[in-house]
Structure formats: C-alpha cells, structure tokens
Amino acid sequence: MAETRIIPTKRRSAAHDGGDGSDYGSGTVANKKSMLLPTTWDQDPAAALAGARHEFGEHGGVNMSIEASATFTVMEPETMRRMFAGELGADRDFFIYSRHFNPTVLNLGRQMAAMEGTEAAYCTSSGMAAISSVLMQLVSSGQNVVASRTLYGGTHALLTHFLPRVCNITTTFVDVSDVDSVREAIVEGKTKVLYFESVSNPTLAVANIPELSRVAHAKGVTVVVDNTFSPMVLSPARLGADVVVHSISKFISGGADIIAGAVCGPEKLVNSMMDLHQGSLMLLGPTMNAKVAFELSERIPHLSLRMKEHCKRALEFATRMKKMGLKVIYPGLEDHPHHELLKSMANKDYGYGGLLCLDMVTEERANDLMDVLQNHSQFGYMAVSLGYYETLMSCSGSSTSSELNSEEKALAGISPGLIRMSVGYVGTLDQKWSQFENAISRFQDSGLFK
C-alpha cells in the first residue's frame, strides 16, 4: 500500500520545485497557502488558532519535529544562489540559516498570526527584541514616535534614552486616552508610529484602539500596539492596529520559564524586517531558539482556557477586595473609567484581563502587604513578570516602572504604593481568597487600609 505523506521529510530541489520561483516575491515569509490566515476572521482567537495549519512530526508524530539545525543543506548548487536572491524561501520549504528562518520557529509564527488575526508573524528572543526591532524598522533617523506616557519601563527607556542617542529618533509622550492630544502630537511627514499598550502597564488603563487607529491612519501613521497584558481578550489588529507586539514570556508562555517575543503584522512588514540588507530582525539577530519555539507551540492551544481562568479569578478577587474597602484598579469593575470601552472591544467570554492593582498609597504599605501575602499566608510571590499560574505581585514604581523618574511616574498615574498583581489559578478560588483574608486580618488594627 502506498504511503501518504502529509509533510515532506526532504525538500524538493529547485529544478523540480515548479517554475523558476520568481512569482514568490522575496521568498521569505510563507505564501498564502502556508503562512497567511483564511480570508475570514473568526472573532474568537481560539477558533482562529484551531483553524491554522497543523505541522506533524517527521515520522507522523502528532507534534511537529524540532528543527535544531543552524544551517541547511541544498540538493543543487544553483539553489543556494536563488535562495540568497530571494527567488526561493521558507514559503516553499527552502531554508538557509536559522537566524533567517527556521521551520519550528516559523510554525510558532503561524500560530501567533492566527491568534492575532494578522497576515504574518515573526517570533523573537524577547519581547523587547520585538519592540525595538519593529520600531527601528518603521522609524528612521530624524523621525518621530508618538507614544503613550504609560508604558512598561523598558519600553519607556528605549524611547526616552536609547533611540534618541543611537538612532536620532525622538518620542512625544501623550495621554492616549485624550484622542485630541494624540492628534495634535502627530506631525505629518515626521511622525511615523503611534505606539501604545492595549492595557497599560501597570495602571490598567484601556486604549481606545479603533479611535486611535483612525486618528493615526488619517495622518499616514502606523499603529503599533503591545498586547502582552491581554492576549485572547483583545485583538488589536481586528480593531484597527497595524502591528501587534508581544512579550510571549508572560501569559502566552504561562510558565515563567521562557523569554520570548513576537511581531505580528502585515506580510510586507515582516518581509522587510527579514531583508538581507535592511531588515532589523535579520541584521540585529534577535533569533528565537527552535527548542523554545517548540515548547511555546505546545502551550498556545490551551492559552484560551488559561486566560479565561486568569480573568475569572481576577474579577472575583477585585470584586471582593473592593467590598473590603481596598482601593482596587481593575477594568472589569463597573467603576473603572474604561470598563465600557473594554466591553465594547473585548472578544466574547474572555473577561477583562488577568491583572489587577491595589493602591496602598505608599511604598512602605505596599511592601508590608506583599510581605504578609507571600511569607505568612502564601497567597502569592513577590516577583516581577506576569501570566504565571501562581499569583505574582510587585510594587511597580520601584520595580518594573523604575526607569521612569518621579515626574514621569506622576504623569503616568503610578502611585508609589501601587501593587501590580498578576492573578494565578492554582488551588481553588476559595482557598486563595482565604489566604488573602488571613493576610488582611493581620492589619485590622493598624489602620493600613483606611
């Protein structure tokens, strides 16, 4: 009986590859049959992921094989010339070198593109690698970025210090909740990118992605959105954004054991970032390891289940904390200023996000509470990052937002006592809430929460 092969174990030679390859553009990002999404977008990211191409293992395994090679052989000498000329590429299963494209990393890119509803995606060694690479591709010396004044500290430092010094790229920081201020800050012909986070780090302000995109596009500006805080919950590309970046290290990984990032956007942009002469990804080399890509590709299929549980518990905890008289910031609460906005943009049944904030006013009070929550009641861990299955908490002003000076923190709305809490899902909800109540009881007579 003849064997049916789903995924070829050897690449075809260029001579037998069908035509001269010239109709496949740069030959970098895979063509429509292997890389791009179907023409219809399902509003549930989990459904879009389920419809994406599945890669099987070399010997028929249900999981794809890990392509750990740094370099790839060719069957004929002429093939190599044609690959470097851009006539043959990953879209036809021709690979040169893993800093360029790797089959295992490419598969993860397909999953990310499916989840975010973009034409293509490229996965990087970290979230900051994704952010810096896309900005350096889109903005040139002497040009300008308009950005939210409330951003992850590393991104703020990149825009405030590194890019001006190294690339002569300036940034105008604005309150993106004030659309008129954004419009006024954009200088036509000079501003190339509008950059913001879908849900801000750490204040949990929600950006009006459709309206901000309309304002930017009217002035010919590319919209780049960091969606690290709300994968599955929000789909910025569907809402009008051009490019979506992620720190995959967070919710998407879920294990606090991997550093990774992704750029999701138009095929043309991703191709340009992989250009041999001008591509920021190609030339800066923030390459993802194939073994890391394989690990992540096995986690994405259950991301929707994890996100729903993160969000469910965050809402329940926020509601109960508010009833205790604590100052809680969570977009799922009806008194949050952007609650209705998030409801209008969010994907159905995914909730309002897996993070909440407690404002303890002073750093000392924040530290006292975190100390008890970790060391006495075992409610969670004092650690940066987010999206872990255990609850993680940190005082943002002195940790992940420490790159901002006092004035910048005040403008961003970051209180000295702001605790950012990434709500985990281990244990039962009632068990974890009991641990939180036990911690609070230690301060009943201290007046800490007045």
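**Stop 1: the β4 strand and its partners**

Select β4 and strand β5 (residues 222-226): the two pair in the parallel sense over five bridges. Strands pair here if DSSP finds at least two bridges between them. Strands are DSSP runs (E, at least two residues) and helices are runs of H or I (at least four residues), numbered from the N terminus. In β5, aspartate 226 is the bridge partner of glutamate 197.

This is a predicted model: local features need pLDDT of at least 70, side-chain atom pairs count only at pLDDT 80 or more, and totals for chains, interfaces and linings use all residues. Residues are numbered from 1 along each chain as its sequence is written, and side-chain values use heavy atoms, with hydrogens and water left out.

Asparagine 144 has threonine 191 of β4 as its bridge partner. How many residues of strand β4 (residues 191-197) are buried? Six of its seven are. Buried means under 20% relative accessible area, exposed means over 50%, and partly exposed lies in between (1.4 Å probe, protein chains only).

**Stop 2**

Select histidine 246, in strand β6. Histidine 246 counts as buried because its relative accessibility is 2%.

**Stop 3: helix α3**

Select helix α3 (residues 103-116). Its 14 residues should span 20 Å at 1.5 Å a residue, and the end C-alpha atoms are 20 Å apart, which agrees. The expected span is 1.5 Å times one less than the number of residues. Of the 14 residues in α3, 13 are buried.

Check both ends. Asparagine 102 caps the N-terminal end of α3, with a side-chain oxygen 2.8 Å from the backbone nitrogen of threonine 104. After α3 comes glycine 117, whose phi is positive, near 70°.

**Stop 4: salt bridges**

Side chains of opposite charge can pair when their charged atoms come close. The whole structure holds 14 salt bridges. Each is a side-chain nitrogen of Lys or Arg within 4 Å of a carboxyl oxygen of Asp or Glu.

- Select glutamate 78 and arginine 81. Their closest N and O atoms are 2.5 Å apart. Being three residues apart in helix α2, the two are separated by about one helical turn. Glutamate 78 is partly exposed at 41% relative accessible area, and arginine 81 is partly exposed at 43%.
- Select arginine 299 and aspartate 257. This salt bridge is 2.9 Å, N to O. The pair links distant parts of the chain, 42 residues apart: arginine 299 is in helix α10 (residues 290-299), and aspartate 257 is in the loop between β6 (243-247) and β7 (261-265). Arginine 299 is buried at 13%, whereas aspartate 257 is partly exposed at 49%.
- Select lysine 327 and aspartate 359. Their side chains meet at 3.5 Å, N to O. Lysine 327 sits in the loop between α11 (303-323) and β8, and aspartate 359 in strand β9 (residues 355-359), 32 residues apart. Which of them is exposed or buried? Lysine 327 is exposed at 52%; aspartate 359 is buried at 12%.
- Select Arg53, Glu55 and Arg110, which are linked in a network of salt bridges.

**Stop 5: a mixed sheet**

Select the five strands β8-β9-β12-β11-β10, listed in sheet order; they form an open sheet with mixed pairing. β8 (328-329) and β10 (381-382) stand at the edges with a single partner strand each, so one side of each has no neighbour in the sheet. β10 pairs with strand β11 (residues 392-395) in the parallel sense over two bridges. Methionine 393 in β11 is the bridge partner of methionine 382.

**Stop 6: a surface patch**

Select Met80, Phe84 and Leu276. They form a nonpolar surface patch with about 260 Å² of accessible area together. Patches take residues with over 30% relative accessible area and no salt bridge, joining like charges within 9 Å and nonpolar side chains (Val, Leu, Ile, Met, Phe, Trp, Tyr) within 5 Å. Areas come from the Shrake-Rupley method with a 1.4 Å probe; for residues, only the protein chains shown count as cover. Finish on phenylalanine 84, in helix α2 (residues 77-84). Phenylalanine 84 is partly exposed at 45% relative accessible area.

Terms used:
A polar contact is a pair of N or O atoms within 3.5 Å; within protein, one must be able to donate a hydrogen and the other to accept it, and residues adjacent in sequence count only if both atoms are side-chain atoms.
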